Amino acid sequence: MDKYSAADEHEKYKIARRNDMRADYTIDQKMENYSEDDHAVWRELFDRQMKLLPGRVCDEYWEGFETLGVASEGGVPNFDKLSDIMEKKTGWRIVAVPGAIPIGPFFEHLANKRFPVTEWIRSRSEMDYLEQPDCFHDIFGHVPLLVNPVFADYMVAYGKGGLKAMDQGAVKYLGRLYWYTVEFGLIRAKDGGFRIYGAGITSSKTESVYAVESDIPNRIGFDVMRMMQTDFNITALQEVYFVIDSFEQLFDATLPDFTPYYDQLKGSKAHSPLDILPSDTLLSRGKVGQLIA
């Protein structure tokens with residue numbers, strides 16, 4: 001199955017589950033729908049990442065991972081069981097969805113401590129490349145950090161900010177922020193190196209090594225305005241990563257009203273991921289980013 005036919009299968013699945021979908025785009029996870037091969041795919045993905053992540057992923061991720069007790073033995077985990085643990089720690093719960101949902105309901109879920117997790121799991125043809133997030137990406141990549149109180153609060157603030165951004169025509173700016181933090185963010189390590197916290201990296205065989213060890217991408221210090229003004233590439237390894245000092249820094253940066261930021265950004269030209277600006281805190285100069293905007 002090539003990536004195009006796989007995408008078709010995902011669309012057929014969403015259509016099949018449409019009658020089960022509630023007004024907020026959630027569905028019930030049906031464990032009986034997973035085949036033994038689905039569970040085997042989960043186990044293989046899980047075991048592969050567990051060999052790659054030690055020494056590369058941040059401590060906060062491991063702490064959440066251990067708290068949840070996510071394991072490979074049984075295959076695809078039960079969302080409700082994970083939610084019961086999360087709720088006791090940070091008040092968050094998982095809600096199952098058939099696939100990508102509209103941005104409004106997505107923001108609404110985050111603002112109310114509900115994290116949408118895709119019910120289906122990828123096919124074997126998509127083990128190394130996935131066009132749309134599946135439950136492995138969502139559970140393995142995103143959910144462990146929702147046990148961390150500071151990061152969990154950041155996600156609530158992001159959801160509330162997203163609802164405001166919709167009224168201000170500024171969703172694309174928050175989309176870039178999400179991409180460079182929640183999906184592809186790095187954090188400084190105590191030893192001075194870089195560690196992963198973004199779900200797009202933690203769930204990826206190739207990027208989990210490339211993001212922290214490759215000399216190709218630029219790594220730039222965290223800057224909200226800079227990130228919201230920078231485009232990204234969804235089909236290739238990242239050319240730039242933005243690095244936070246701590247989750248407290250990330251949360252504090254999202255507390256102010258973003259309206260003045262949006263006013264500054266409107267009408268401005270977006271930066272390429274390749275650009276290096278004079279104002280950047282360049283932590284690691286890569287081989288791809290030799291341009292000065």
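Which residues in helix 7 meet which residues in helix 8?

Modeller: Keep in mind that this is a predicted model. Helix 7 covers residues 149-167, and helix 8 covers residues 171-183. From helix 7 come Phe-151, Tyr-154, Met-155, Tyr-158, Gly-161, Gly-162, Ala-165 and Met-166. They meet Val-171, Leu-174, Gly-175, Leu-177, Tyr-178, Thr-181 and Val-182 of helix 8. By class, this contact of helix 7 with helix 8 holds 11 nonpolar and 4 polar residues, and no charged ones.

Now the geometry. The two helices pack at an angle of about 160°, and their axes lie 9 Å apart. Angles over 145 degrees count as roughly antiparallel, so helix 7 is roughly antiparallel to helix 8. The crossing of helix 7 past helix 8 is left-handed.

The structure has 2 cavities of 30 Å³ or more. The largest cavity holds about 40 Å³ of space. Its lining consists of Phe-115, Gly-141, His-142, Leu-145, Leu-146, Phe-151, Met-155, Val-182, Tyr-197 and Ala-199. Phe-151 and Met-155 of helix 7 are also in the helix contact, as is Val-182 of helix 8. Helix 6 and helix 7 each give at least two residues to the lining of the largest cavity. That lining divides into 8 nonpolar and 2 polar residues, with no charged ones.

The second largest cavity has a volume of about 30 Å³. Tyr-180, Phe-232, Asn-233, Gln-238, Glu-239, Val-240 and Pro-273 line the second largest cavity. By class, these are 4 nonpolar, 2 polar and 1 charged.

Last, the open space. The largest pocket contains about 1,300 Å³. It is lined by 45 residues, and those closest to its centre are Glu-131, Pro-133, His-137, Trp-179 and Glu-183. Helix 8 returns here: it supplies the largest share of the lining of the largest pocket, 8 residues. At least two residues each come from helix 5 (103-111), strand 2 (114-118), helix 6 (135-142) and helix 8. The lining of the largest pocket has 22 nonpolar, 13 polar and 10 charged residues.

To put the part together: helix 8 meets helix 7 through residues that include Leu-174 and Tyr-178, and helix 8 also contributes 8 residues to the lining of the largest pocket. Helix 7, for its part, supplies at least two residues of the lining of the largest cavity.

How values were computed
Residues are numbered from 1 along each chain as its sequence is written. This is a predicted model: local features need pLDDT of at least 70, side-chain atom pairs count only at pLDDT 80 or more; totals for chains, interfaces and linings use all residues. Side-chain values use heavy atoms; hydrogens and water are left out. Axes are lines fitted to C-alpha atoms, for helices over the stretch in contact, and angles run from 0 to 180 degrees between N-to-C directions. Helices (H or I, at least four residues) and strands (E, at least two) are DSSP runs, numbered from the N terminus. Angles under 35 degrees count as roughly parallel, over 145 as roughly antiparallel, 65 to 115 as roughly perpendicular and the rest as oblique. A crossing is left-handed if the near helix is turned anticlockwise from the far one by less than a right angle, and right-handed if clockwise. Contact means heavy atoms within 4.5 Å. Ala, Val, Leu, Ile, Met, Phe, Trp, Tyr, Cys and Pro count as nonpolar, Asp, Glu, Lys and Arg as charged, and the others, Gly among them, as polar. On a 1 Å grid over the protein atoms alone, a cavity is a set of points where a 1.4 Å probe fits but cannot get out, and a pocket is an open set with protein on both sides within 12 Å along at least five of seven lines; lining residues have an atom within 4 Å of a point. Grid points are joined across faces, edges and corners, and a volume is the space filled by probe spheres set on the points.
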